[in-house]
Every structure is written in structure tokens, then in C-alpha cells.
Amino acid sequence: MKIVVIGGTGHIGTYLVPLLVKAGNDVISITRGQSKPYKEDAAWINVEHLIIDRDKEAEGEFEKKIAKLNADVVVDLINFSLDDTKRMTEALKNTNLSHYIFCSSIWAHGKPTVLPIIENQPKFPLDEYGRQKAKSEDYLHNLYRQESFPETVIMPGQISGPGWVIMNPVANHDYWIFNKIRRGEEIALPNFGMETLHHVHADDVAMLFFNAITHRKSALGESFHAVGAESITLLGYAQAMYRYFEQEEKINFLPWEEWYKYTENEDFIDRTYHHIVRSGYFSIEKAKRLLEYNPRYTLLETIEESVAYMVEHQWFEQQK
């Protein structure tokens, strides 16, 4: 099959594109620039690379260029608006398309009301990012029901892996938190540290996209969570990191307002708030049943591989 992957060298594409090539597909990777995948793989030699920037193209031109490729499958990893979804589906209608796979997010759920969260629970997104993802999901599923447009929605959790900054034990991207733990210093968690995160290795997310393609009939018209088999509390995460670095546990708990003042950095505060307010546990039973999804990495294996990369590549030896 001819498969187009939009965002082919990103977190998910890094692992997905080689999988598709090794399965005998002709793969075209669409990127905004000359970015390289996070992990080397000989399969990239057999990938066609096209540079097209969705944000810089005139309205509708990006979608027309994708449609001209006349692919059997289009995997859209960097679509963040309902308008882009509408333009893409319209452009693809008169092509050879047999499957359009849209990358959404667990953020489309917003605040959970019942746990574990399943894909078709009522959604209450908290920001524009989540709202746009949820609107695109609804639009695509309606299009499938009304016009048989061949779509599937995948909803990743906190995508993690070696080579980029992963979500830390205070639910933001300040990777120096890991260094404080490595040096045996005290860290402060908001509230009681009982909010949860749901990390998932990018390789496992890629596998679910791959399985959606190979299990097309079961995937059509459906949404699936792409997360690990378990979630973790901020406290459990912090404790695991102190153990990993063989340090004595030094964890302080601060009420939200005190933690806010303690942290100071507005970006970190905002990220923490928007992650912990969405705390949840997301079911993967549907993906297991219909797509034979079986995450290879445990949550802690995912985190430890990412942190080991930081240490190995001397991220903490640089000045903050």
C-alpha cells in the first residue's frame, strides 16, 4: 500500500514509519522541515520525504497536495483544528483513500467523571486544543456514519521516549526536576501528590496506529486510547525516581497556592495545572479487543528509558 504519514519524523512517526516500511508498504513522510527522526533505523533509506508546511500553505493547498499523492492510507499526526479536518476529508474523498487515521489526544476528554475512562464517554475538554480534537473526532465519526468515510481516531496519552523532554513527577516539562532527584535534593509536589499521569512509549503509540491499519475493518469509525496499561500518581512517580537514582526519598507536599508561589515559572505552573486537573485512568480494553493492542513497555520502563537517555547524553551537565 501507499501510505502517507503527516508528521513522519515526530515522536510517533519516528517509530511508525519504519514499521510500515518493514511491512512492505511504500511510505511518504511529510514534514515541515529537515527534521530527523528521534531514533535511527535503516528503514528510513526506503522512505520518500516531502517538505510541506501545513501552516504556511494557502488555505486548502496543503490538503490538495496530500490528495494528489493518491495514497491508500493517510495518517494525520499533526492536525489540530476542525477546519483542517474538514478540508482534509473533503480533499481525500475522490482519491484512492481506504483509511484516514486522525491523531487526537486524551486531552479531548477533559475532566474525567467515571474511571476507567472509555473512549465514548461524554467529553468536557478544558482548552481550545482539547475542544478542537473533540470536534474533529465527532465530525469524523459522523462522516463515517453518514457517508462511510473511512476514518479512525487514535487518542495518545503523555507520549514519552528517549530524545525529548517527558512529563516529570510534578506534571510539567521541567526536566531539571529529574536532576534534583538524581542529586538527592527535595522536590515539592502539589496537593497530596495523588493526581495521575498516563505515560505511554511512542513505540507503543506507533504500534496502535500500525494495528489500526492492519485491522482496518475493526478500526473503521472507532476511537481508541493509545496509553500504557497503567497510570501513576505524582507521588508514586516521584518515589520511583528516587529509587531509580538510589537516593533517599525527599518529597514535600504543598497546597496548590503555595506550590504556585514556590514554582514561580508561569509556563510550568500552567502545564502542571492542565495535566493534574485531567487526572484519570484511560481504558485500553477496546484497543486490546478490536486491534490486538498490547503495550510492550510498562509505564516505569518508558520513563526510565527516557531518563536514562537524559543522563547518557549529559542533559544535566549543561547550565540551566
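Which helix gives the most to the lining of the largest pocket?

## Basis of the model

The model is predicted: local features need pLDDT of at least 70, side-chain atom pairs count only at pLDDT 80 or more, and totals for chains, interfaces and linings use all residues. Residues are numbered from 1 along each chain as its sequence is written, and side-chain values use heavy atoms, without hydrogens and water.

## Largest pocket

H10 gives the most, with four residues. Helix H10 (266–276), helix H4 (128–147) and strand E7 (158–160) each supply at least two lining residues; helices (H or I, at least four residues) and strands (E, at least two) are DSSP runs, numbered from the N terminus.

The lining comprises 32 residues, with His11, Phe80, Tyr129, Gly157 and Ile159 nearest the centre of the pocket. A pocket is an open set of points on a 1 Å grid over the protein atoms alone, where a 1.4 Å probe fits, with protein on both sides within 12 Å along at least five of seven lines; lining residues have an atom within 4 Å of a point. The space in the largest pocket is about 870 Å³, a volume being that filled by probe spheres set on the points.

## Helix pair H2 and H3

The axes of H2 (residues 61–68) and H3 (residues 82–92) come within 9 Å and cross at roughly 35°; axes are lines fitted to C-alpha atoms over the stretch in contact, and angles run from 0 to 180 degrees between N-to-C directions. Phe62, Glu63, Lys64, Ile66 and Ala67 of H2 meet Asp84, Arg87, Met88, Ala91 and Leu92 of H3, where contact means heavy atoms within 4.5 Å.

## Overall dimensions

The protein has twelve helices and 13 strands. Its C-alpha atoms fill a box of roughly 60 × 40 × 40 Å along the principal axes.
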